[in-house]
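Trainee: I am new to this structure. Please show me how to read its features.

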Amino acid sequence: MLVLIDNANLYEIESLYTEYPYDGVTTNPTILRNEHADPIKQLKAIRELLPKTSQLHAQVVSSTTEGMIQEAHFMLDNIADDMFIKIPVSAAGMKAIHLLKEEGVNITATAIYTAMQAFMAGKAGARYAAPYVNRLDNMGADGVQVATDIHNMFRIHNMESDVLAASFKNSQQVLNLCRKGIGAVTAAPDVLRSLIKHDATFTAEENFEEDYYSLINEVKGFRMKKN
Ligand code: E4P
């Protein structure tokens, strides 16, 4: 399962990458607005910061097929030609997905609230489908279940698409999808850090360190490292 960072802050992305080898970055217009910078320059800077093997996903904002395709071309020409173009699954979006796929563009279908939207996007050519897990939970639906249904449908129908689950509030939602074997998740920095951090691990580490130093005080001349 790929694990991506849903954020556009250079400092945050760099600091997360120093803590863990993540698989890429996803953004949306709201996330980019938080940076108060030229979005194309910001996305370019993110691309330059990321390792070559990491993915970058950025979203179009037009509501027409023609507009979406123009924006996709602009991003591919000005940011990176192998980046993933996120396209919302409106009727215009489905057509844009199909036409861009014919050009060989990597597409992430986004703003997905039902399993059938994801299926249709996959059939049109999306490499990833991004259901909004927490937003679904907040609407009284079961976000993890919707994402799992999409994953199962992609596998049953032998489609070359994967779930890139998005919109998480907590590590439990991520765990539940990890158990199902879905392709990828993208989450905000606080949720990503909560996948690793556990106070009991910190306490155990501290106790081992204390015991080690108490041992070397006891055994004269003992050193783990040469110095
Ligand atoms: C990703 O495609 C979405 O834009 C994003 O994860 C939505 O997250 P939110 O529900 O926390 O805004």
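Mentor: Start with a network of salt bridges that links E12, E19 and R193. A salt bridge is a side-chain nitrogen of Lys or Arg within 4 Å of a carboxyl oxygen of Asp or Glu. The model is predicted, with pLDDT of at least 70 needed for local features and 80 or more for side-chain atom pairs, while totals for chains, interfaces and linings use all residues. Residues are numbered from 1 along each chain as its sequence is written, and side-chain values use heavy atoms, without hydrogens and water.

Trainee: How far apart are the closest N and O atoms of R193 and E19?

Mentor: They are 3.2 Å apart. R193 lies in helix α10 and E19 in helix α1 (residues 10-19), so the bridge ties together parts 174 residues apart in sequence. Helices here are DSSP runs of H or I with at least four residues, and strands are runs of E with at least two, numbered from the N terminus.

Trainee: How are two packed helices described?

Mentor: By the angle between their axes and the distance between the axes. Axes are lines fitted to C-alpha atoms, for helices over the stretch in contact, with angles from 0 to 180 degrees between N-to-C directions. Here the axes of α6 (residues 115-124) and α8 (residues 143-156) come within 9 Å and cross at roughly 35°.
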